[in-house]
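Student: I have a structure open and would like to go through it. Can we start with one of the helices?
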Amino acid sequence: MNWDTKTMTERKDKSDELFPAGAEGAGLDSFFAAARAEAPQPDGGFLARIEAQALAEQPVARGGAPAVARPRPTGVLRQLREALGGWAGMAGLATACAAGIWIGVSPPDGLTVLWGGDAAALGTIGVDPLSSFDLALMEG
Amino acid sequence: MRDLAGIARSDGWDMPFEAMSAVADEDLLAAYAAGDATAARTLTQRLTPRVFGHAMRMLGGDRAEAEDVAQEALLRLWRAAPGWRMGEAKVTTWLYRVTANLCIDRIRRRRSGPDLDSVPEPADETPSAAMGMQQQARAEALQEALDQLPDRQRQAVILRHIEGLANPEIAEIMDIGPRAVESLVARGKKALETALIGRRDELGYEDDD
């Protein structure tokens, strides 16, 4: 980047005109210099407090004790859920599973036509489409 | 960084100042995050005066409030240490920003809420000689004039002329462009001149040798 330092210097010179440099080398600079020389210092008690806090907040204590703050543990189920896209992904997956089981156990008649042949005439399997097993599966 | 930890452990806290001062803040912060207690102490000694001083100036010399702000800003630094990204922002740049934001929040709250302790106690005064008193008077007059500035102007002037930072760093701290920094500093200085010009006699410009 190209900082325009020249302009800054010019402005600084202008500011000194109000407190001419001839008069005891004044200008705002003497105020700023005084402020730097009189910098407020923290007292010892305060420094000690800050140091104690720094040590208390340190991730690993001096004796190699376990860290104060650790990332939240992530279980296998949590990871799986996140990999599938959160709860929405899980719900979609569950719906697809249920639909698959339904079609497998009690296929709509139309599907038999698609598969063709008597061997695969699924309508002959004779499973009650709404057996208690199915209901439990669907609701559970 | 590992060298630092080794040196620190073998020499203890009394290690030569030059040895510690050669280590960058960022490396010390990494050592801190790795559990080096010496790094914690060195960072405390090195950063607390800067953070506290900046808070004092932003808050108009209120020591108790400046201590609160400094403690909060440093607490945030300790907590940010484990996730600190090396090479992204300077530690001091980050701290100046956090400190100033905390100060401005407090100033705004102070203005909007009931004013419990309207006039902050002046800073401790230990004048030793006439020269010292004059310097102190000037520093106090400047602080009084700074207190009258809008927050952002005050922040820019303090960072530029008291903390001695360069414009690009101030721009980063204040999250504005360098031109805007220049404008804030120029306006702030103009207002300071207006406020201070009437006090020249009082501040000993006639008596200087």
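Student: How far apart should the ends of helix H10 of chain B be, and what does the model give?
Tutor: This is a predicted model. Helix H10 of chain B covers residues 178-197, which is 20 residues, so at 1.5 Å a residue it should span 28 Å. Its end C-alpha atoms are 28 Å apart, which agrees.

Student: Which residues of H10(B) are buried?
Tutor: B:Val181, B:Glu182, B:Leu184, B:Val185, B:Gly188, B:Lys189, B:Leu192 and B:Leu196 are buried. They lie on the same side of H10(B), because the arc they cover around the axis is only 160°.

Student: And what is exposed on the other side of H10(B)?
Tutor: B:Thr194 and B:Ile197 are exposed there.

Student: Switching to confidence. What is the mean pLDDT of chain B?
Tutor: For chain B the mean is 84, with 78% of its residues at 70 or more.

Student: Which elements of chain B have the lowest and the highest mean pLDDT?
Tutor: The lowest is helix H1 (residues 2-11), at 45, and the highest is helix H8 (residues 151-162), at 97. Over residues 5-17 of chain B the pLDDT is below 50. That stretch still has ten contacts in the model beyond near neighbours in sequence.

Student: What are the ipTM and pTM scores?
Tutor: ipTM is 0.78 and pTM is 0.62.

Student: Now chain A. Which residues does UniProt list as "transmembrane region"?
Tutor: Residues 84-105 of chain A, in an unreviewed UniProt entry.

Student: How much helix and strand is there over residues 84-105 of chain A?
Tutor: The chain is 91% helix and 0% strand there, and the end C-alpha atoms are 26 Å apart.

Definitions and conventions. Residues are numbered from 1 along each chain as its sequence is written. Chains are lettered from A and ligands numbered from 1 in the order in which they are written. This is a predicted model: local features need pLDDT of at least 70, side-chain atom pairs count only at pLDDT 80 or more; totals for chains, interfaces and linings use all residues. Helices (H or I, at least four residues) and strands (E, at least two) are DSSP runs, numbered from the N terminus. The expected span of a helix is 1.5 Å times one less than its number of residues. A residue is buried if 20 or more other C-beta atoms lie within 10 Å of its own, exposed if 12 or fewer, and partly exposed in between; C-beta atoms are placed from the backbone. The arc is that of the directions from the helix axis to the C-beta atoms. UniProt positions are given in the numbering used here, feature names are shortened, and annotations may be inferred rather than shown by experiment. pLDDT is the predictor's confidence in each residue, from 0 to 100. Two residues are in contact if their C-beta atoms, placed from the backbone, lie within 7 Å.
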